[in-house]
Amino acid sequence: MRSALRGRLTSYAFISPWLIALCFFIGFPFLAGLYFSFCDFPPLKVPVFIGLENYAELLGDARFHMSLGVTMVFAAAGIPIGVLLAITLAMFLNARIRGQSFYRVIFYIPHLVPTVVVAILWLWIFNPEFGLLNIVLAQVMRVVDGWAGVFFDLEAASAGAWFVKREALILLAAPLTLALTVWPAVPKFLRPSARLRQFLMTCALVLLVLALVPLADAVLHRVAPRDMAKLHAPGWLTDKSPLPSDVPFAPSWALWALIVMGMWGVGQMAVIYLAKLQDVPVELYEAADIDGANWLQKAWQITVPMISPVILFNVVMAIIGTFQVFAEPYIMTGGGPEDRTYFVALFVYDQAFQYQRVGYGSAVAWALFIMIVVLTILAFRLSRRHVYYAGR
Amino acid sequence: MRPVHFGLLALIVLVALVGVLEVKPALEDFDPVLHKEFADTWADRVHLSYWEKWSGFEADGCQAMCDAFNRSQDGIYVHYVRTSQVDRKAMLAAIGRDPPDILGLWNSNLVPFADGGAIRPLDDLMRQSGIAPDMYIENYLKLGQFRGKTYALPTAVMTLALCYNKEHFRAKAAELRAAGLDPDRPPRTIEELDRYADVLNEFAPDGTPRIMGFLPTEPGWYNHAWGYFFGGKLVDPETGAITTDEPANVRAYAWTKRYAERYGRDKLLQFRSGFGSFDSPYNAFIEGKVSMEMQGVWFPMFIRRHRPQLEFGVAPFPCAEGVPGPRSLMEMDVVAIPTDSPHPKEAWTFVCWMQKEGLAILARIQGKNMPVKDPPPWFHQGHPNLELKVFEDLALSPHSFIVPHTLVGQEYRDAMNRAFEHIWGWEVEQVCAAELAGLTGAARQARIDELCRGEVERTLRAVREDIERKLRQKLERERFQPRRAQ
């Protein structure tokens, strides 16, 4: 009995530094924040209880709504892209290729770079005048437009007129080659041999890419001429206009810049996926091979369900992380242009530290806490049907 | 023998190690190199900490002032502590009741600190020490006052003037003359400024600017104050009423909007993104990308540091026609004594000396003007800022202005900056495409101007209503707020 007690005491002694710190530095501010959220509390004065006034105010606070909107849009656009990219990256890193460990380290390294350094680095990359991204983008767009210009009249497309040139007929060569290669109804005497078929398949795919790029470029010039004009030299962090410009609630160019920058740290997420990917039983793939499943079917029917608990975990963490995005917009944009990157964490900071409204800032923080809890519960509820916990 | 409880033992050792190793360095620690000349009196002195914000040559000025004080007597030693984001750190220190002895802030920080009882009123001390309020230029003194009491005194002060690139004026002398303008002098009215700017502009074949004669967004630090140059104001100094959307202010912001419309928001965005940071040779004015700019008294020092050969001139920033001038926004850095200052008496001794003797040292090295009406005779001899007279005259001008303190000063300033940004970026041709359809030439331009003006009015009205609501709320809640005992 005594030894059991001693064992328990020893355990508590070991975790006590963490436990004490948790109570003092997290538990106490957490509860104090709840009390302050019902107070008018300029930090140099005594908190005065004002009931639900702060919460009532935030219901009608347009700037709070704006910041919440920015955060939501960032989450809606950034999380799916991040998850997709991380899974794709994890799959590549999972492939048996030479230097696999090297690539894994390379993709994880960005996560180790401090946020401030990353923010300053990307400030340079996004500079519209001499930033690396715009220099590359300008060259790429020049080549793409030049190529598309052979087949389509891009100026006419931007003006909303008929834009297909006669030369565009050449582009049909790609689907024709593809059809010739894969269509089973091609007459036997026209059907190529297996080796020739492989060669034609490769040619067809190359041709398809070469055809799709100018087609997409021309169509985009037709449907979004303004965005395409901007794509040659975007203002990135300084541009408040939405992209795509005609889609309601679309992220601004500035917010897209932060989303793109967010992908910088995707390696960390990919490593978690990778760990789970390596946990997927090989027998399942072998069985699928026997059944004649192709790569896509195996990915969709085996890989995704097997790693779905990790996808859920990463999505929930990303939702929570989105509500905490602070350093990047604080350093790079200050919330601008015109509040288009004014995340809700910046709003809380401004209220508490810039405008000395700790009570109101606490109310907003608590409202966010409740939102995160609700969103997390929702994510778990929605995932019940789609997340597969093997053996449970 | 009882077994050793390793968990507890490790914890005790850890705590003891932290306690021993984490010894806070004290101000009084003597450095045989840095403090050599004070070795004899070091132990007998009261050591004061003075938190200030400056870096670079401005910090050198502050250090020189502190050194001069430390040499002038042997009872007190002031340690100048360079502190970035001094306002936030001082706020936290004040909340924790562990502030420095002396605190350097910006005048815009005065209200929360004074209203929260974190800094001491200085009127009685000033009276006892013979510091007469009328020795100061009135506006500077007012910037240190809140609700009739003086809580802070000036350190570094500023006025704003027009800096213009004489090389650009000379290069375009013929064109300026052809436009009926004198290339040997700067513009005297806003209307003239626009005409000068028009001639000085240079564009690449695709319409992207190479040189802009003038840009209201550069440097962009005083966007809240444009209205004053058109005869407007943000706060009525008599009644304290918020006057954001009065006609002169609307006129001012409509004027700034015209620059965005005339030269294209996107093109200007692109152009501005190539500007380097303020304190660098790639500063837009120093590099020669902008010919005229509203800047503070410090700017000539920065120009000479980064591009000594640049020929530039300084003149009062022009006002709109019919608005009396010369005028300038007046702001300043202040020094205050925290309520919980560990050595308030000694701190005042230093502040008092600073106001009587130290400011001249500080202003000389920082290249700025002094907040007093009559600087000492030697102050101007060899002053590094050759354009100082313009800034001094502006400080003494009866038309120069301050933005009076309000309880929502920071919110107001931020709201005005956002309003400016909104007005500048408001895409009239996108938003009002239907209203502009079919219009061409002058009729179209007139309609654009009218629509922009409407948007300016709406934006400024929204700011006024928002700030009035916040002010009302603060005043209502203030009635229930007990002030901290001083």
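This is a predicted model: local features need pLDDT of at least 70, side-chain atom pairs count only at pLDDT 80 or more; totals for chains, interfaces and linings use all residues.
Q: How do β7 and β10 of chain B run, and how many bridges join them?
A: Strand β7 (residues 160–165) and strand β10 (residues 290–296) of chain B run antiparallel, with five bridges joining them. (Strands are DSSP runs of E with at least two residues, helices are runs of H or I with at least four, and both are numbered from the N terminus.)

Q: Which residue is the bridge partner of B:C163?
A: The partner is B:E293, which belongs to β10(B).

Q: What is the order of the sheet with those strands?
A: The order is β8-β9-β10-β7-β11 in chain B. This sheet of five strands is open, and its pairing is mixed.

Q: Which are the edge strands?
A: They are β8 (202–203) and β11 (312–315) of chain B, each of which pairs on one side only.

Q: What about β1 and β2 of chain B: parallel or antiparallel?
A: Strand β1 (residues 46–52) and strand β2 (residues 76–82) of chain B run parallel, joined by seven bridges. Within this pair, B:W51 of chain B is set opposite B:V81, a residue of β2(B).

Q: A step back, then. How many helices and strands does chain B have?
A: Chain B contains 19 helices and 12 strands. Its C-alpha atoms occupy a box of roughly 100 × 60 × 50 Å along the principal axes.

Q: What share of the contacts links residues 24 or more positions apart?
A: Among contacts with a separation of 6 or more, such residues account for 74% in chain B and for 64% in chain A. (Two residues are in contact if their C-beta atoms, placed from the backbone, lie within 7 Å.)

Q: How many residues does each chain give to the contact between chain A and chain B?
A: Chain A gives 28 residues, and chain B gives 28 residues. On the side of chain A that touches chain B, the elements that give two or more residues are α1 (2–36) and α16 (344–354) of chain A. The largest share of that side, four residues, comes from α1(A).

Q: Where do the domains of chain B lie?
A: Domain 1 covers 29–158 + 331–385, and domain 2 covers 160–329 + 403–475. (The bounds come from an automatic or database domain assignment.) The centres of the two domains of chain B, taken over C-alpha atoms, are separated by 34 Å.

Q: How many residues does each domain give to their contact?
A: In chain B, 13 residues come from domain 1 and 11 residues from domain 2. Helix α4 (residues 110–115) of chain B, with three residues, gives the most to the side of domain 1 that touches domain 2.

Conventions. Residues are numbered from 1 along each chain as its sequence is written. Chains are lettered from A and ligands numbered from 1 in the order in which they are written. Two strands pair if DSSP finds at least two bridges between them.
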